[in-house]
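Reader: I'd like to go through the aromatic residues here. Can you put the structure up?
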Amino acid sequence: QVQLVESGGGSVQAGGSLRLSCAASGYMHDWYCIGWYRQAPGKEREGVARIHIGSNSTYYADSVKGRLTIFKDYAKATVYLQMNSLKPDDTAMYYCASASLLGTSSSCNTAQYNYWGQGTQVTVSS
């Protein structure tokens, strides 16, 4: 079982930056995908970025391309979400989640994310 702990959220003004961290308990295997999701009040959960641990392949939602960057520190078993040029529309609770591709034909975009962190709040004021 993977345990995920997010941190790094906070309140910033539009145009500012934040770096979110997702620390995984134990070891991040090469067949893992880690995804960052967000949910604003009254809105559906949205996947914003994903990374395949083994290949380092990444995926971004159109709404965040060019502003958000997902990357990993293998030794620290941590995946980060660098958030630049933040907008008020980025305000949401941000969650990280993990999926295992072992024994599946899924990709990080189609995998089932089974383990979730508790979330970290990001608030962007105009």
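Reader: Start with Tyr 37: buried or exposed?

Author: This is a predicted model. Tyr 37 counts as buried, because its relative accessibility is 8% and the cut-off for buried is under 20%.

Reader: How many aromatic pairs does a search of the whole structure find?

Author: The search finds four. One of them joins Tyr 37 and Tyr 113 in an edge-to-face arrangement, with 5.6 Å centre to centre and 70° between the planes.

Reader: Where in the chain are Tyr 37 and Tyr 113?

Author: Tyr 37 is in strand β4 (residues 32–39), and Tyr 113 is in the loop between β9 (92–100) and β10 (115–116). They are 76 residues apart, and the pair links distant parts of the chain.

Reader: And Tyr 113, buried or exposed?

Author: Tyr 113 counts as buried, at 10% relative accessibility.

Reader: Which residues do ring pairs link into a cluster?

Author: Tyr 37, Tyr 113 and Trp 116.

Reader: What lies over the face of Tyr 37?

Author: Arg 45 does, at 5.7 Å from the ring centre.

Reader: Change of topic. What kind of aromatic pair do Phe 71 and Tyr 80 form?

Author: Phe 71 and Tyr 80 are stacked, 5.1 Å centre to centre with 25° between the planes. Phe 71 is partly exposed, with a relative accessible area of 27%, whereas Tyr 80 counts as buried at 13% relative accessibility.

Reader: Which charged end sits over the ring of Tyr 80?

Author: That of Arg 19, 6.0 Å from the ring centre.

Terms used. Residues numbered from 1 in each chain as written. Predicted model: local features only at pLDDT ≥ 70, side-chain atom pairs only at ≥ 80, totals over all residues. Heavy atoms only, no water. Phe/Tyr/Trp six-rings, centres within 6.5 Å; stacked < 30°, edge-to-face > 60°. Helix = DSSP H or I, 4+ residues; strand = E, 2+ residues; numbered from the N terminus. Buried < 20%, exposed > 50% of the residue type's maximum accessible area, 1.4 Å probe, protein only. Lys NZ or Arg CZ within 6 Å of the ring centre and 35° of its normal.
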